[in-house]
Amino acid sequence: MMEIINQEKYEKESKNGLVVVNFSAPWCPDCVRIEPIMKVLEEEYSSIKFFKVDIDKDEALKDLLHIRRIPTLLFLKDGIEVSERLVEPDNKMPIKQAIENMLA
């Protein structure tokens, strides 16, 4: 299950290896809709760390990273964004493609 992290943990974890961060909120229907997709991808790509940030609990991190709409997915390699952010993805394919691009 995707670990929910705060800014401190984001700053530590995002610098090590391949990381996908899902910015979401429990009240967001699109966020809830991609949860099962993210769970499947997390199981499929065990070499990648998957995290979730609840924007209601960590507004400072949301603002720092200029997250405007949710869900927004960030794809990081050793702390650097390596793929375009996915804003409001509605199916598995663009997420999977972004992950594959990280691995290439």
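Which elements make a right-handed β-α-β unit in this structure? Strand 2, helix 2 (residues 29-44) and strand 3 make that unit. Right-handed here means that, with the strands pointing away from the viewer, the path from the first strand over the helix to the second runs clockwise. Helices (H or I, at least four residues) and strands (E, at least two) are DSSP runs, numbered from the N terminus.

Before I continue, a word on the model. It is a predicted model, in which local features need pLDDT of at least 70 and side-chain atom pairs count only at pLDDT 80 or more, while totals for chains, interfaces and linings use all residues. Residues are numbered from 1 along each chain as its sequence is written, and side-chain values use heavy atoms, with hydrogens and water left out.

Buried means under 20% relative accessible area, exposed means over 50%, and partly exposed lies in between (1.4 Å probe, protein chains only). Strand 3 runs parallel to strand 2 (residues 18-24), and six bridges join the two. Within that pairing, Phe23 has Val53 as its bridge partner. Strand 3 also pairs with strand 1 (residues 3-4), in the parallel sense, over two bridges; two strands count as paired if DSSP finds at least two bridges between them. In this second pairing, Ile4 stands opposite Lys52.

Glu35 lies in helix 2 and Lys52 in strand 3, so the pair ties together parts that are 17 residues apart in sequence. Glu35 itself is partly exposed, at 26% relative accessibility. A salt bridge is a side-chain nitrogen of Lys or Arg within 4 Å of a carboxyl oxygen of Asp or Glu.

How many salt bridges does the structure hold? There are ten. Among them, Lys9 and Glu3 have their closest N and O atoms 2.7 Å apart, and for Arg85 and Glu81 the distance is 2.8 Å. Salt bridges that share partners also join Glu44, Lys92 and Lys96 into one network.

Next, the backbone. Most residues other than glycine have a negative phi, and most peptide bonds are trans. A cis peptide bond joins Ile70 and Pro71, with omega about -5°, and Pro71 sits in the loop between helix 3 (59-64) and strand 4 (72-77). Asp78, in the loop between strand 4 and strand 5 (80-81), has a positive phi near 50°. Glu88, in the loop between strand 6 (86-87) and helix 4 (92-103), has a positive phi of about 55°. Asp78 is partly exposed at 46%, and Glu88 is partly exposed at 34%.

Thr72, in strand 4, is buried at 3% relative accessibility. A polar atom of its side chain lies 2.4 Å from the backbone oxygen of Arg69. Not counting residues up to four places away in sequence, Thr72 touches residues including Val21, Phe23 and Leu86, where contact means heavy atoms within 4.5 Å.

Finally, the cysteines. Cys28 is buried at 5% relative accessibility, and Cys31 is buried at 2%. With a disulfide taken as a pair of cysteine sulfur atoms within 2.5 Å, the count comes to zero.

Methods: Polar contact = N/O pair within 3.5 Å; in protein donor to acceptor, adjacent residues only side chain to side chain.
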